[in-house]
Amino acid sequence: LIVVNALLSYLVDARYLRGNPLSLIRRRNRALTPETVEAISQERFLDRETWEYLKGFIAALPQETPREIEHYERLRFLFHFLYLLAPRVSELASHPMNSFREFRGHWWWFVLGKGQKRGKVPVNDEMLDALIPYRRFLKLADLPAENDTSPVLRSLKGKRGISANMIYRLVKSTVAQAADKLE
């Protein structure tokens, strides 16, 4: 499993595959028993239909006042970031814009994760299509430069970043509102 996982990870990095199915296995040193397979199948994710609904819900948010526009732009970028790059909330709250970098002709999100482990996550076209308008809204260049240490997500009051707790509350309230509307 370790060797196959490494090979699949290479294919993802080389952009031959979109994702590595073995990366869902949290503990590679345990045998795949029916219990661990069941635990793997209970991972939380949004299927494509739910993701499309959530994007539509966010797109339909009011955008009449400057505050509503700021809220919409931040939420749209936040949900794309969470869905497409799957970071931990703490990673999203703590990383600067220059963690998005071009490497060998492709864009990547360079992340310092749990346990101070470094990683790079491929940034697909849909994520770039969310990043560029967000940066334009913030009156920044389309793509971040190496010296852009501004926070990835900003508060509505200024140029400071937002906390992991605030990200959690934004996601929870938005999903609850979308669910209420769906019912």
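**Close-up views of a predicted model**

α4 and α7 are roughly perpendicular to each other, since angles of 65 to 115 degrees are classed in this way. The legends below describe this packing and other local features of a predicted model.

**Figure 1. Overview of the chain in the predicted model.** The secondary structure consists of seven helices and three strands. Along the sequence, these elements follow the pattern α-α-α-α-α-β-β-β-α-α. The chain has 183 residues, of which 33% count as buried. Considering contacts between residues at least 6 apart in sequence, 52% join residues at least 24 apart.

**Figure 2. Packing of helix α4 against helix α7.** Helix α4 covers residues 66-85 and helix α7 covers residues 164-182. Their axes are 11 Å apart and cross at an angle of about 95°. On the α4 side, the contact involves H71, R74, L75, L78, F79 and L82. The α7 side contributes M166, I167, L170, V171, T174 and V175. By class, the residues of this contact are nine nonpolar, two polar and one charged.

**Figure 3. Packing of helix α3 against helix α7.** Helix α3, residues 48-59, packs on α7 at an angle of about 100°, and the two axes are 10 Å apart. This angle makes α3 roughly perpendicular to α7. Residues Y53, L54, F57 and I58 of α3 meet T174, Q177, A178, K181 and L182 of α7. The contact of α3 with α7 comprises six nonpolar, two polar and one charged residues. T174 of α7 is listed in this contact and also in the contact of α7 with α4.

Figure 4. With ring centres within 6.5 Å taken as the criterion for a pair, the count comes to six aromatic pairs. The rings of F77 and Y134 have centres 4.4 Å apart and planes at 5°; the pair is therefore stacked, the limit for that class being under 30 degrees. F77 belongs to helix α4 and Y134 to helix α6 (residues 125-137), so this pair ties together parts that are 57 residues apart in sequence. F77 and Y134 are both buried. In a second pair, the ring centres of F81 and W109 are 5.0 Å apart and the planes lie at 85°, so the arrangement is edge-to-face. Because F81 is in helix α4 and W109 in strand β2 (residues 106-112), the pair ties together parts that are 28 residues apart in sequence. F81 and W109 are likewise buried.

**Figure 5. The aromatic cluster.** One aromatic cluster is formed by F77, F81, F100, W109 and Y134. Both residues of the stacked pair, F77 and Y134, and both residues of the edge-to-face pair, F81 and W109, are among its members.

**Figure 6. Charged side chains over aromatic rings.** R101 places its charged end over the ring of F110, at 4.3 Å from the ring centre. K120 is arranged over the ring of W108, with its charged end 4.6 Å from the ring centre.

Figure 7. R15 is found in the loop that links α1 (2-13) and α2 (34-41). Its relative accessibility is 33%, so R15 counts as partly exposed. Apart from neighbours within four places in sequence, R15 is in contact with H106, W107, P122, V123 and N124. Although R15 and H106 are 91 residues apart along the chain, their C-alpha atoms are separated by 9.3 Å.

**Figure 8. Residues other than glycine with positive phi.** R104 is not a glycine, yet it has a positive phi of about 55°. R104 is placed in the loop between β1 (100-103) and β2. The position of K139 is in the loop between α6 and α7. K139 has a relative accessibility of 76% and therefore counts as exposed.

Note on methods
Residues numbered from 1 in each chain as written. Predicted model: local features only at pLDDT ≥ 70, side-chain atom pairs only at ≥ 80, totals over all residues. Heavy atoms only, no water. Axes fitted to C-alpha atoms, helices over the stretch in contact; angles between N-to-C directions. Helix = DSSP H or I, 4+ residues; strand = E, 2+ residues; numbered from the N terminus. Parallel < 35°, antiparallel > 145°, perpendicular 65-115°, else oblique. Contact = heavy atoms within 4.5 Å. Nonpolar A, V, L, I, M, F, W, Y, C, P; charged D, E, K, R; others polar. Phe/Tyr/Trp six-rings, centres within 6.5 Å; stacked < 30°, edge-to-face > 60°. Buried < 20%, exposed > 50% of the residue type's maximum accessible area, 1.4 Å probe, protein only. Lys NZ or Arg CZ within 6 Å of the ring centre and 35° of its normal.
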